Amino acid sequence: QLSADQTSTEQAPSPKEQEWAGPEALCPGWLEDEAPDGEVPEDSGDPDCATHAYELLQSALRQEGLPHTLDRSTEPRTGFGPLDMTVCILGSPTSFLPVLLEGGTRCPGAMVLCLSPTWASRVPSETSPGAWTLLLSKGVSFEAGGHSILETFVPPRRANYVTGTFTAGGPEGSWVGELARDLDCPTGGSVPLAHRLEDLLVTRWVLAARASLPVPPTLAFVLGPGGDLPRDPVAPGVRLVRLEGPPGQETL
């Protein structure tokens, strides 16, 4: 049905346009109204927009033709011990969705997505002095068939492996990197590592100079000292030109 405030001058889309428009074009507000089984949790004022991340997850699941996340957060899960497998994904609900779905199929319940720093805590490790243990009080666990469940864990569930969106400067980068810092379990990365891997010049220099691997011919202009590179890098296929300031740039 068309809303009463639509003007008569609007043209109805052709059948082909309707086919590609998607439900959001045919029914504005469908995301807010549609919440069978997987109601969006109430926004508690989290500064990290956990509610928005939860909505992104539901949208991604819908696009894959998978069911909404079941909200069982009012029925705490118990009985998790230190030997129970918990693979924790921190941050973006979409970057690791294929991993979460495959993990849920191969090891149901072991993959847990953490969308907010308020869902986890760090405590001093009992096995590794100077390290920390990551405990999950809330998360989205994945089961076989693409099913997912929003759950709370009492007592908090210990993470045995941690990875996430360590993109430097990303919206989740700060809290993801902080939660994953100096843990007593294996981690799949860090913010400093992501920063280095995203630097194309550093990556090519390491491959060419340290690993003797061929890289595409590269001419790079760097302003300032370039802290991640040695002063005079020698890397086959890579030429580095340092720009200390405006004078002499035209000659270089």
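A polar contact is a pair of N or O atoms within 3.5 Å; within protein, one must be able to donate a hydrogen and the other to accept it. Keep that in mind. What you see above is a predicted model.

Let's start with Ser-141. This residue sits in strand β5. Is Ser-141 buried or exposed? It is buried, because its relative accessible area is 1% and the cut-off for buried is under 20%. Which side chain does the side chain of Ser-141 meet in a polar contact? That of Glu-151, at 2.6 Å. Ser-141 has other neighbours too. Leaving out residues up to four places away in sequence, Ser-141 touches Gly-109, Met-111, Val-112, His-147, Ser-148, Ile-149 and Glu-151.

Now strand β6. Pro-155 is found there. Look at the peptide bond from Val-154 to Pro-155. This bond is cis, and its omega is near -5 degrees.

Rolling a probe the size of a water molecule over the atoms shows where empty space is left. The second largest pocket holds about 220 Å³ of space. Which of them gives the largest share? That is β6, with 3 residues. The lining has 14 residues in total. Nearest the centre of the pocket lie Pro-82, Glu-126, Thr-133, Leu-135 and Arg-158. By type, the lining splits into 6 nonpolar, 4 polar and 4 charged residues.

Next, helix α8, residues 200-210. Which residues of α8 are buried? They are Leu-201, Val-202, Trp-205 and Ala-208. Why do they count as being on the same side of α8? Because they cover an arc of only 140 degrees around the axis. Here is the general rule behind that. An α-helix has 3.6 residues a turn, so residues three or four places apart point the same way.

What does the buried side of α8 pack against? The buried residues pack against α7 (191-198), β8 (218-223) and β9 (238-243). Turn to the face away from that buried side. There you find the exposed residues Leu-200 and Arg-210.

Now the two ends of α8. At the start, a side-chain oxygen of Asp-199 comes to within 3.1 Å of the backbone nitrogen of Leu-201. After the helix comes Ser-212. Ser-212 lies in the loop between α8 and β8. Its phi is positive, about 55 degrees, although Ser-212 is not a glycine. Ser-212 counts as exposed, because its relative accessibility is 61% and exposed means over 50%.

Where else is there a positive phi in a residue other than glycine? At Asp-182, with phi near 55 degrees. Asp-182 lies in the loop between α6 and α7. At 44% relative accessibility, Asp-182 is partly exposed.

One more loop to go. Thr-167 is in the loop between β7 (161-164) and α6 (173-179). With a relative accessible area of 39%, Thr-167 is partly exposed. How far apart in space are Thr-167 and Ala-194, C-alpha to C-alpha? They are 5.9 Å apart, while 27 residues separate them in sequence.

Find Ser-141 and its polar contact with Glu-151. Find the cis bond from Val-154 to Pro-155. Then find the buried side of α8, with Leu-201, Val-202, Trp-205 and Ala-208.

Notes:
Residues are numbered from 1 along each chain as its sequence is written. This is a predicted model: local features need pLDDT of at least 70, side-chain atom pairs count only at pLDDT 80 or more; totals for chains, interfaces and linings use all residues. Side-chain values use heavy atoms; hydrogens and water are left out. On a 1 Å grid over the protein atoms alone, a cavity is a set of points where a 1.4 Å probe fits but cannot get out, and a pocket is an open set with protein on both sides within 12 Å along at least five of seven lines; lining residues have an atom within 4 Å of a point. Grid points are joined across faces, edges and corners, and a volume is the space filled by probe spheres set on the points. Helices (H or I, at least four residues) and strands (E, at least two) are DSSP runs, numbered from the N terminus. Ala, Val, Leu, Ile, Met, Phe, Trp, Tyr, Cys and Pro count as nonpolar, Asp, Glu, Lys and Arg as charged, and the others, Gly among them, as polar. Buried means under 20% relative accessible area, exposed over 50%, partly exposed in between (1.4 Å probe, protein chains only). The arc is that of the directions from the helix axis to the C-beta atoms. Contact means heavy atoms within 4.5 Å.
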